[in-house]
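Please look through the sequence and the structure shown here before reading the notes that follow. The briefing begins with one term and then moves from the whole chain to single residues.

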Amino acid sequence: MQIHTEILLATDSQVTKNQLVKQFVENQPGGHCSLVLGDKQVVILKDKQWKSLDEIRSIAGEVSRSVAAQRVQSATIQADQLAKKWSATDEAVTAFVEGWHLGAYNFDRYQSKKANPVTKLIVKGSCQASVKAGRVRADAMAFSRDLMNELSDVLNPETYPEVLKDHFKGTKVKINVLSKKEIEEREMNGVLTVCRGSKYDPSFVEMTLQTDASKPLVALVGKGVTYDSGGISLKGGRDDSDMRMDMGGSAAVSGALSLLAYSDAKVNVVALIPMVENTPGPDAVMPGEVIQYKNGISVQVGNTDAEGRLILADGLIRAGELGAKYTVDIATLTGAVVGALGTEIGGVFGDEDLAYKMKKIGDQNGDFVWPLPLVDVYEESLDSAYADCNNISSMSVAGSITAGLFLRKFAPKNNWLHVDMAGVMDKQKPKGYYTKSATGYGARLLADYTVSLH
């Protein structure tokens, strides 16, 4: 038997004319409830004015997860119903569709019991372009989630490029994968150093999407550490399985490119992803060693668990070589940013005007970010007696700031931003349109930021 449900607002006459139903809805916890009304199953969205597009995504995600658990095959909502609670119908529809598909997301490929399929959503009204936009945005974010959730023995520096090639097959994205030999020829010595303890060779992936050559070149640099054990400076967590998500920056960059490619955006963008695994081994880099970078800067490795910045440095140098007008790097970089901002918002450093611009974009698309300062006086904490600088600070505070100061040494001089997403890479329980585990953070943020640049 096929089960169908209709999504109604609490202000709908089918609800308000029945006092018992109206009172039942008002007394239910949460933002929605399911019930049988007459001869049909319905979901009622409670009478609450939405204050942001993310509230629309969240309620859609909650409803989607709920009806999928009830094995409902399809659900219908009227576009004009959404318009009653949000001023712009197209925005409301896109946000609802996006939240719907993300809310019932599951990564169950290694579980014997599979999740219920996502309930098919039917939006009635002349808004199919908005429906398509919502689906593309959800798919891009889900792709980022898939990459982050994948096991480190499946997604590693040697297999990761092939996953990207397969995903972008048939699009206008051009992919160039640098092998270890080519990385050596390019003198990407941070990448070569960090990967020394791993059984996997490193990769450096360059993905370009140029659909409008008149637009400025935007470089998106994503940290691709497919597993971070800390190297010789070994981590000691109770459960370090989420360290497979230390490639969250690369997942954000890949998801952003997916969103741009599948939405036919007019852009000129290059994604740069250094890919390594950071593990101890007979050849692993030892604390105290010095890396000589292509731009002339030498770096002493004070701690091998501060490896992300060592490979991002090569990515930032490459962005400069390509002549990017705008550069953004993104990484699960520091625990310090979690102490500063918690688990609901990322930190952004760099050009103040662009950081504020990115914040406003994140406020709308749900990838929230907050501008943080690069305090020049802290830069001396990176001094080394043996090299131009150390990869860790001598201070016990301001770790996310000093990491940003380190990256600034390698970034193009103008129009650079650094996003630290360590606190927002995963969720511990389902809520809104997020499910337990990887969030897919950054895909929407980077894509929308890229489109906004002229």
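Contact means that heavy atoms lie within 4.5 Å of each other. This is a predicted model, in which local features need pLDDT of at least 70 and side-chain atom pairs count only at pLDDT 80 or more, while totals for chains, interfaces and linings use all residues. Residues are numbered from 1 along each chain as its sequence is written, and side-chain values use heavy atoms, with hydrogens and water left out.

**The whole chain**

- The protein chain has 15 helices and 19 strands, where helices (H or I, at least four residues) and strands (E, at least two) are DSSP runs numbered from the N terminus.
- The radius of gyration, taken over C-alpha atoms, is compared with a globule rule of 2.2 Å times the number of residues to the power 0.38; the chain comes to 23 Å, close to the 22 Å that the rule gives for 454 residues, so it is as compact as a globular protein of that length.
- Along the principal axes, the C-alpha atoms fill a box of roughly 80 × 50 × 45 Å.
- Of the 454 residues, 56% are buried, a word that means under 20% relative accessible area, with exposed meaning over 50% and partly exposed in between (1.4 Å probe, protein chains only).
- Among contacts with a separation of 6 or more, 77% are between residues 24 or more positions apart.

- A nonpolar core is a set of buried Ala, Val, Leu, Ile, Met, Phe, Trp, Tyr and Cys residues joined through side-chain atoms within 4.5 Å.
- The largest nonpolar core has 53 residues, of which Leu 164, Met 207, Met 358 and Tyr 449 touch the most other members, and helix α10 (residues 248-262) gives the most to this core, with eight residues.
- Apart from that core lies another, of 43 residues, which includes Leu 312, Leu 333, Leu 374 and Leu 407.
- Helix α15 (residues 443-452) is largely enclosed by the rest of the structure, because seven of its ten residues are buried, and Tyr 449 is one of these buried residues.
- Beyond its neighbours within four places in sequence, Tyr 449 is in contact with Tyr 326, Val 328, Leu 354, Lys 357, Met 358, Ile 361 and Leu 417.

- Helix α14 is mostly covered, with eight of its ten residues buried, among them Thr 402, Phe 406 and Leu 407.
- Thr 402 counts as buried because its relative accessibility is 2%, and, not counting residues up to four places away in sequence, Thr 402 touches Tyr 378, Ser 381, Leu 382, Ser 393 and Met 395.
- Ala 398 is found in the loop between β16 (389-390) and α14, where its phi is near 60 degrees, a positive value in a residue other than glycine, and its relative accessible area of 24% makes it partly exposed.

- Gly 346 lies in strand β14 (residues 346-350) and is buried, with a relative accessible area of 1%.
- Not counting residues up to four places away in sequence, Gly 346 touches Leu 341, Phe 368, Val 369, Trp 370, Asp 420, Val 424 and Tyr 441.
- Glu 187 is placed in the loop between α8 (180-185) and α9 (189-194); phi of Glu 187 is near 60 degrees, a positive value in a residue other than glycine, and at 41% relative accessibility Glu 187 counts as partly exposed.
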